[in-house]
Amino acid sequence: MAALRRGAACLSFLRSFSRVLFSSRKPAAQKLGKWTNILYTSIASLTVGGGLCAIPFTQVENLSHDSLIRRAASLVTGSSSTFLSQTTLALIDAITEYSKAVHTLIALQKRYLASMGKLTAAEEDSIWQVIIGQRAKVSDRQDECKRFESTWFNAVKLCETAAEAAYMSGAEQASITVQTNIQVAQSQVEQARKLSQDADKKLAETKVMEIERVAQYAASLENNDEEDVPEAYLRED
C-alpha cells in the first residue's frame, strides 16, 4: 500500500509538472532547466523511499549499509525458520502415518498366523489380498518419508547457512534464534523417528514369528500325511 501511495504521488506530481510547464509564459529552455532539476530531485526521493519501504526503520538518517545488511539477514533467518517449520511438520506427519501403516500390517499378519489352518482357501486368499494391499501402503508411506526427509535436510542446511550469515553480519540475536529453531526441529524429528523405528522392530519380530509358525504348520501337515498312510505300506519287506 505504501508503494502504491508513493506511485500515486509521483503521478500526481508529474501531472502538475506538465500543467505548469506548458502553461508558463517563460521561454521553453528556461522552464526546462528549472523544472528538470526539480523533477530529478523528486523522482530520486520517491525512488529511494520506494526501495526502502520493505525494510522496517525508525529514522532514515541512521540507516547504514551495515544496519541494512543486519536487517536483511534477520529477514532471511525468519524465512528460513518458516521453511524449516513447514518441512518439519510434513516429515513428522509422514513418519506418523508410516508408523500407523506398519502397526496395521503387524495386526493383520498376527491375525493370519493365529488363524492358520483354520481358514478355508477362499478366506485365506481374502486375508492375503488385504495383507498385500497393506504392504503396498507401507511402501508408499516409506517413500513419502524419504521425500520429505530430503526436503527437511535441505531446510536444516539453509537455516545453518542463514544463521552463519546473520552472525557474520552482526545480527547475533537472529542467529541464536534460528539455531534454537534447528535444535527444536531436530529433537521433534528424532522423537518421531523413534516411533517408526519401534514399529520397524516389531514388524521384523512378526516376520520371524511368521517364518516359525509356517514351518511348524508345514511340519504338522507332514506328520498328518504320515499318519494317514496305512501301516502295511510302512513295513519293511
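Ground rules first. This is a predicted model: local features need pLDDT of at least 70, side-chain atom pairs count only at pLDDT 80 or more, and totals for chains, interfaces and linings use all residues. Residues are numbered from 1 along each chain as its sequence is written, and side-chain values use heavy atoms, with hydrogens and water left out.

Now the fold. The chain has six helices and zero strands. From the N terminus, the order reads α-α-α-α-α-α. Helices here are DSSP runs of H or I, at least four residues long; strands are runs of E, at least two; both are numbered from the N terminus.

Next, the helix pair. Helix α3 covers residues 65-114. Helix α4 covers residues 121-168. They pack at an angle of about 160°, and their axes lie 7 Å apart. Axes are lines fitted to C-alpha atoms, for helices over the stretch in contact, and angles run from 0 to 180 degrees between N-to-C directions. So α3 and α4 are roughly antiparallel. The crossing of α3 and α4 is left-handed, meaning that the near helix is turned anticlockwise from the far one by less than a right angle; clockwise would be right-handed.

Some residues on these helices. L68 sits in α3. It is partly exposed, because its relative accessible area is 23%. The cut-offs: buried is under 20%, exposed is over 50%, and partly exposed is in between, with a 1.4 Å probe and protein chains only. L68 and S169 are 101 residues apart along the chain, yet their C-alpha atoms are separated by 9.8 Å.

R71 is also in α3. At 31% relative accessibility, R71 is partly exposed.

Over to α4, where we find I132. I132 is partly exposed too, at 46%. From I132 to L105 is 27 residues along the chain and 9.1 Å between C-alpha atoms.

What share of the contacts with a separation of 6 or more comes from residues 24 or more positions apart? It is 75%. A contact means heavy atoms within 4.5 Å.

Surface next. The chain exposes about 16,300 Å² of accessible surface, with 57% belonging to carbon and sulfur atoms. Areas come from the Shrake-Rupley method with a 1.4 Å probe; for residues, only the protein chains shown count as cover. Of the 237 residues, 24% are buried.

Last, cysteines. C145 is buried at 12%, and C159 is buried at 0%.

How values were computed. Parallel < 35°, antiparallel > 145°, perpendicular 65-115°, else oblique.
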